[in-house]
Amino acid sequence: MVGAAVACGLVWRGAKVVAVDGGDGDFRASRANFGLVWLQGKGLGQPAYQRLTGRSVEGWSDFAVRLGEISGIDVHFQRRGSLVFCLGEGELEARRARLSRLQVELGAGEPDFEILNRHDLERFLPGVRLGDRVSGASLRPRDGHVNPLRLLAGLQRSFTLSGGTLRCSQPVSRLQPSGEGFIVEAGDERFAAARLVVAAGIASGDLAAPLGIAAPVRPQRGQLLVTERLEPMLPMAASGLRQTMDGTFMIGLTNEEVGPDTSVTVKAATSMSRRAVAILPDLARATVVRHWAGLRVMTPDGFPIYAQSEQHPGAFVVTCHSGIALAAAHAGEVAAGIVAGKLPAELSPFHNGRFDVPKAA
Amino acid sequence: MFRKLHEPASPVTIVVDGAAVTAAAGDPVAAVLLRLEPPIARTTPVGGRPRAPYCMMGVCFDCLAIVDGMPSTQTCRTAVRAGMRVERQHGARVIGQ
Amino acid sequence: MTRTFDLAVVGAGPAGMAAAIAAKALGMDVLLIDEQAAPGGQIWRGVEGVAATSDGAQLGADYQAGAAVAAALRASGVVYEPATQLWQIEPGWRLFTSREQQADIIEAATVLLATGAQERPAPFPGWTLPGVLTVGAAQILLKTAAQVPDRPVWIAGCGPLPLLYAAQLLRLGGRIAGFLDTAPPGNRRAALPHLPQALRAAGDLLKGLGWMRELRRANVPLVRHVVEIEALGREQVSAVRYRTSDGRERTESASMLLIHEGVVPNIHPTMALGCAHDWSDDQLCWAPALDRWGETSLVGLFVAGDGAGIAGARAASLRGELAAIGIARQAGRLDEGEADQRAGGLRRRLGRELAVRPFLDALFRPRPAVFAPHDDTVVCRCEELTARDIRAAAVGTPGPNQVKAFTRAGMGPCQGRQCGYTVSHLLAAAQKRPVAEVGFYRIRPPLKPVTLGELASLDRPETVG
């Protein structure tokens, strides 16, 4: 997802680009994504992340239109707002506190969110039967959501139709600096390039090492449930609960530190179901058709890595766990920085150097 | 579409889309649907196309209907019981009020 | 509340019943679960109610034989739970089941999957129309509800089952409008070299010839070497169109079309668990890799019956008994010598049953069109995607899982049971790779749909992340 968005941004700026992708069974964060294009709740402790995400979320409409025009694929982007349901008064208070603190850190003017109590929420969602324990929700009207699988298809098709070369099922076997540029071997092919972008999710660390960039990423499992198609019930995306345009409900996600393991557990299915049914009790009668898991790409602090190699300035690493919300920024300012040969100053808080914390003497 | 070879030994009445139907207790509900006109269980959520039971063994999910208020029930695995209410399922499931 | 058993058997067909009865006799605590309301699997479906009736006599001795086994099951002390669907297995083993919208957990040291087979998906234009059913479905309707087509029926396909059903239908007063034999012209020649070996099971071959004689005596129109079929109609089947290998094309009015193009093992549970599978070029399907006792690549997980490889009811029963011995041996209830001694006779009889397979597999090898449907043909029944949609997504070298992600094929309630093989074949043809290399969808739980309410009510105090 990240690589595809960057690749699109590069090829839209006139670069000649080859994108090399791994196998059918590879761990793909993109397959376990909820499709949220959200800023709500993100970036505690790092206002630059709020700003980056905010720019990307705002720019998503134009991005979706452009993808649709070039690829012919409608990625089902909707900007209907984001909701985080709260169960019990304690959760609602905690939510209010978190969002207020984020607003303070950002230093912006008007709050971009609202806290709805139970009464307001019922009026906001007429015809939706809420569980007894639902105390309210936080709402951010400028957030949206998209179909992640269509997005990936749209990105890849836009890329190839814009002149990019895409190689699937060809994992990179070798990657190294060579003279002023780089050599990449994948499958039977050998590519030479002046610039190189490693956006390989959890494989980024290994791939980036020969380039002199340390990219400490670890996999974090997210399990989710998908139901059969249902009549429209929930008009906007909520955290852990989203009804897609196909009518299916996505329910999730877990955050598990289990290494590169995409197996699923009934334990998780049960806890995800409990919360979903506590929020929308009518879902108790919906059948689950699929239960699967993906691996998020987690850095030590949870924020992206946008880094450029010092020894080999043409090499970049781009990796994050919010590949969808940030897709517009990846195709935009990040790609622009790569083409210019230098990442912009706004992205400097995301350099990998931040992980080298000097030890106290 | 299908007919029974003999009258049921212990006939019961069930209701299909509001109409009373005589059936044999214990028969698969899908079998009853295949004796009615139209012989369908549902219409599809994507294209609104009519579907009748196809495999009778639980691997095709075309025989789904609303049985005693429970949507998406596989009628090929559900046995007829006196007083059962069956409704054909049109499009995507409705689970709300 | 979680219950514990020495052995959990899934599937109450010939293999499951034989295994459960044998394992119980060897002193094990056995649970047998099955999704149908009564024992018998598919081949002996409804046998408890039907075998002793006049219908049962018309269905044949092979069918009636199931009654004795079902009775033995009821008398055996095996804990038998019908109308129970298995939706997940976790290592340990822990089985998650659902019965009347109530989820349940079972722990077992060993699991035997005897979930049998399903008819091979054979898409053709119009196959989703009401009035098109599998031959197996028609036979199940006969067995469970004593129902027959109310008007002359068209039967199309290849294999022993269409012949058997046709014969049974005629005996019970049904009428057949026509029998479209889709076995390709080269099959007989290809099968001939295997005939000598197949004569060890001469009884089966004679039975097949007998069914054919019944059809001829009833003057059922028989069309050989049909290469293409199509069901026509708007809301229901109203006509059948077919083409033969020598180019003849006919359209006949029809109110029902029954289709059967062979049987394939049910691989969803073993694939979901990550067992090793082998591709069989003879039967054009995957089957779990098993040792001589039926154990998969996962310790303590066994498979018996048609799920191990298509071989019929008698072979299924033998495999079930062998698995029970292997399981008892693994549990320390039998030593190596005893186990081999008990298994000896069973293996010899199994060998005789399997001897006829190469001949039948060659004789009934499906026509190529089964795997290469026309562009307009629906391939994914649940999501209503056509062969054209799949072919469009096949560009490049995506595997079945990427195609699934992009098109939604395989994401409906049947979880790829009706489209998986077709998608893999379409990819193989588009990418010029063998099907075995293309692979199959990654199968995920739930193995059968389960409600959020059932999941939420499972007895689990811990929560996760």
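## Strands, a kinked helix and a chain contact

In β11 of chain C, C:Phe179 is the bridge partner of C:Ile155. That pair is a handy place to start in this predicted model.

- Strand β10 (residues 153-157) of chain C runs parallel to strand β11 (residues 176-181) of chain C, and five bridges join them.
- Both belong to an open sheet of five strands, ordered β8-β16-β10-β11-β12 (chain C), in which the pairing is parallel.
- Why is one side of β8 (132-134) and of β12 (222-223) of chain C left without a neighbour in the sheet? These two strands stand at the edges, and each has a single partner strand, so one side of each has no neighbour there.
- Helix α6 (residues 160-171) of chain C lies across β10, β11 and β16 (257-260) of chain C, and runs at about 165° to β11(C).

**Strand β12 of chain A**

- Take a look at strand β12 (residues 218-229) of chain A: ten of its twelve residues are buried, so the rest of the structure largely encloses this strand.
- With strand β16 (residues 287-298) of chain A, β12(A) runs antiparallel, and ten bridges join the two.
- Within this pairing, A:Val226 has A:Arg290 of β16(A) as its bridge partner.
- β12(A) also pairs with strand β15 (residues 248-252) of chain A, again in the antiparallel sense, over four bridges.
- Here A:Leu225 stands opposite A:Ile251 of β15(A).

**Helix α9 of chain A**

- Helix α9 (residues 327-340) of chain A has 14 residues, which at 1.5 Å a residue should span 20 Å; the end C-alpha atoms are 19 Å apart, which agrees.
- Where is the kink in α9(A) centred? It is centred on A:Val334, with an angle of about 30°.
- A:Val334 is itself one of the buried residues of α9(A), and others include A:His330, A:Glu333 and A:Ile338.
- After α9(A) comes A:Gly341, which has a positive phi, near 85°.

**Where chains A and B meet**

- How many residues does each chain bring to the contact? Chain A gives twelve residues and chain B gives ten.
- On the side of chain B that touches chain A, six residues are nonpolar, three are polar and one is charged.

Methods
Residues are numbered from 1 along each chain as its sequence is written. Chains are lettered from A and ligands numbered from 1 in the order in which they are written. This is a predicted model: local features need pLDDT of at least 70, side-chain atom pairs count only at pLDDT 80 or more; totals for chains, interfaces and linings use all residues. Two residues are in contact if their C-beta atoms, placed from the backbone, lie within 7 Å. Ala, Val, Leu, Ile, Met, Phe, Trp, Tyr, Cys and Pro count as nonpolar, Asp, Glu, Lys and Arg as charged, and the others, Gly among them, as polar. The expected span of a helix is 1.5 Å times one less than its number of residues. The bend at a residue is the angle between axes fitted to the seven residues ending there and the seven starting there. A residue is buried if 20 or more other C-beta atoms lie within 10 Å of its own, exposed if 12 or fewer, and partly exposed in between; C-beta atoms are placed from the backbone. Two strands pair if DSSP finds at least two bridges between them. Axes are lines fitted to C-alpha atoms, for helices over the stretch in contact, and angles run from 0 to 180 degrees between N-to-C directions.
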